[in-house]
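Here is a short report on one chain.

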Amino acid sequence: MGYADAKRSFETEKREDFSEIRNLCTKCGASRLNEELIKYGSYCMNCFDQYCKQAPSYFNDDIKDYSGDPKGWARRIIDRHAAGRHVSKIALQFANEALGTKYEP
Ligand SMILES: [Zn+2]
């Protein structure tokens with residue numbers, strides 16, 4: 001089933017259950033059903049699909065470039081935590097110890 005078909009069936013299906021509240025995809029600006037945007041994190045289904053394909057691996061999802069920083073690994077953990085992403089408590093503790101910062105779970 002291609003994207004166009006999926007889109008058509010999605011819209012046909014949902015039309016009965018939801019009023020046609022539409023909003024714009026934050027990535028491509030396409031007008032989509034609000035339901036779809038909520039489901040895919042403010043992206044349309046197409047953009048979300050592309051986002052998933054591009055989604056970097058665990059080690060490549062850095063917020064910043066830490067190369068050249070000997071304590072980059074620790075800063076990465078702190079920044080990931082600050083960004084509200086999952087970081088294990090022990091990793092966070094080690095990172096704080098390495099940077100000499102206070103450990104706040
Ligand atoms: Zn989009």
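## Overall fold

Of the chain's 105 residues, 10% count as buried (20 or more other C-beta atoms within 10 Å of the residue's own, with C-beta atoms placed from the backbone). The model is predicted: local features need pLDDT of at least 70, side-chain atom pairs count only at pLDDT 80 or more, and totals for chains, interfaces and linings use all residues. Residues are numbered from 1 along each chain as its sequence is written.

The chain has five helices and two strands. These are DSSP runs, numbered from the N terminus: helices are H or I of at least four residues, strands E of at least two. Their order along the sequence is α-β-β-α-α-α-α.

## Helix α4

Helix α4 spans residues 72–82, and its buried residues are Ala-74, Arg-76 and Ile-77. They lie on the same side of α4, because they cover an arc of only 160° around the axis (the arc of directions from the helix axis to the C-beta atoms). Gly-84 follows α4 and has a positive phi, near 85°.

## Packing of α4 on α5

The buried residues of α4 pack against α5 (89–99). The two helices, α4 and α5, pack at an angle of about 125°, with axes 8 Å apart. Axes are lines fitted to C-alpha atoms, for helices over the stretch in contact; angles run from 0 to 180 degrees between N-to-C directions.

Ala-74, Arg-75, Ile-77, Ile-78 and His-81 in α4 meet Ala-91, Leu-92, Ala-95, Ala-98 and Leu-99 in α5 (contact: C-beta atoms, placed from the backbone, within 7 Å).

Technical notes
A residue is buried if 20 or more other C-beta atoms lie within 10 Å of its own, exposed if 12 or fewer, and partly exposed in between; C-beta atoms are placed from the backbone. Two residues are in contact if their C-beta atoms, placed from the backbone, lie within 7 Å.
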